[in-house]
Amino acid sequence: MALFLAYDVANNPLNTNEWAFPVCEVLHILGFAVGIGTITMVDLRLLGIGLKKESAADLWKGTFAWTLAGLALALITGPLIFSSDPNMYLRNASFRFKLTALALAIIYNYTIHRWVALKQASGALAVLTGVISLVLWASVIFGGIFIAFV
Amino acid sequence: MPPEFIQALQNMSLATAIRESALVFPVILSLHLTGMGLFGGMILMTDLRLLGIALTKHPVSDIVNGLRPWKHLGLTLTAGCGILLLWSKAAIYYPNPYLHIKLALFVLIIIHAIVFRGVYRNVTDLDRSAVIPGRAKLAAALSLVLWLSVLTAGRWIGYWEPKGAPVNAAQVN
């Protein structure tokens, strides 16, 4: 796959400015730490192992804006990092895995995960919902790191 | 040049196994980042609650005490994996100035924990006060600045090259 044949990466500021790329990476990590960290708070409640004094619905509502802000930061810096060498990323199996997991994780978070948290389900449904969420987001992180190693 | 004991540390069999494995090094690095997702999110929400910015409908003690074990789990995972990564390439990382900055920041974080231990230990006191005291807000703000600095210094480790003899880019991640 090489969809960006006419695009010369050498002119991208990310490749000409010494600071641009690592700054994007720091913001990308900060963004996912906030986004995934706050999603994890809801997951721990669904699993019944953390923040038991709060309800899952209250945690969902309380963390909503922060989750969105964190994911937005990661989703702005991610494409910037991608633009530094798009053809390399498109050919990278780990990148494709990451993007698939990311799409699933985001859709899952704002559909099933949201529904189960707001409904304050308990028992097997809540546990399963939390576990799937944690697995999906961990897959995104592992897929991201492995881009540099495949 | 790193001292002999640093080189010897890197030459130990477990360190060599981590460094040379195509799978183990990136798995530990991924766990280092997964730990950050857990720890980073938890520390941020703890500090934002203390600052009165996030989760204000919930009592301070519920959030700070509820997040504490998970914050500690995330920190243990991140730090444990970080130590393994550092050990596996001890001689390569040794001269890196950003590693020195990162380690200095950890000293500041320990000092912060000692100076502000009262804030985090007596968090139920904050539930009773109408406004969050300035000292607690200062502790939270400094915590955010320190941890963001650690993240930045950590990422910069991967971009430094010794003068004269550039290291293989693939060696340092």
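Let me begin with confidence, by which I mean pLDDT, the predictor's confidence in each residue, from 0 to 100. Averaged over chain B, the pLDDT is 90, with 94% of residues at 70 or more. For the model, ipTM is 0.89 and pTM is 0.91. As a reminder, where pLDDT is low, the predicted coordinates should not be read in detail.

Some housekeeping. This is a predicted model, so local features need pLDDT of at least 70 and side-chain atom pairs count only at pLDDT 80 or more, while totals for chains, interfaces and linings use all residues. Residues are numbered from 1 along each chain as its sequence is written, chains are lettered from A, and ligands are numbered from 1, in the order in which they are written.

Now chain B overall. Chain B has 9 helices and 0 strands; helices here are DSSP runs of H or I with at least four residues, strands are runs of E with at least two, and both are numbered from the N terminus. Its C-alpha atoms fill a box of roughly 60 × 30 × 25 Å along the principal axes. Of its 173 residues, 34% are buried, which means 20 or more other C-beta atoms, placed from the backbone, within 10 Å of their own; exposed is 12 or fewer, and partly exposed is in between.

Please look at α3(B) next. This helix has 27 residues and reaches 38 Å from first C-alpha to last, close to the 39 Å expected at 1.5 Å a residue; the expected span is 1.5 Å times one less than the number of residues. How much of α3(B) is covered? Most of it, with 23 of its 27 residues buried. After α3(B) comes G52(B), with a positive phi near 75 degrees.

On to where the chains meet. The contact takes 28 residues from chain B and 28 from chain A, where contact means C-beta atoms, placed from the backbone, within 7 Å. On the chain B side, α3(B) gives the largest share, 13 residues. That side divides into 16 nonpolar, 9 polar and 3 charged residues; Ala, Val, Leu, Ile, Met, Phe, Trp, Tyr, Cys and Pro count as nonpolar, Asp, Glu, Lys and Arg as charged, and the others, Gly among them, as polar.

The largest nonpolar core has 64 residues, and those touching the most other members include W137(A), M42(B) and M45(B). By core I mean buried Ala, Val, Leu, Ile, Met, Phe, Trp, Tyr and Cys residues joined through C-beta atoms within 7 Å. Beyond its neighbours within four places in sequence, M42(B) contacts G37(A), L67(B), W70(B), K71(B) and G74(B).

Last, chain A. There is a kink of about 50 degrees in α3(A), centred on T63(A); the bend is the angle between axes fitted to the seven residues ending at a residue and the seven starting there. T63(A) is also one of the buried residues of α3(A), and their cover includes α2 (20-46) and α5 (93-119) of chain A.

Notes:
Contact = placed C-beta atoms within 7 Å.
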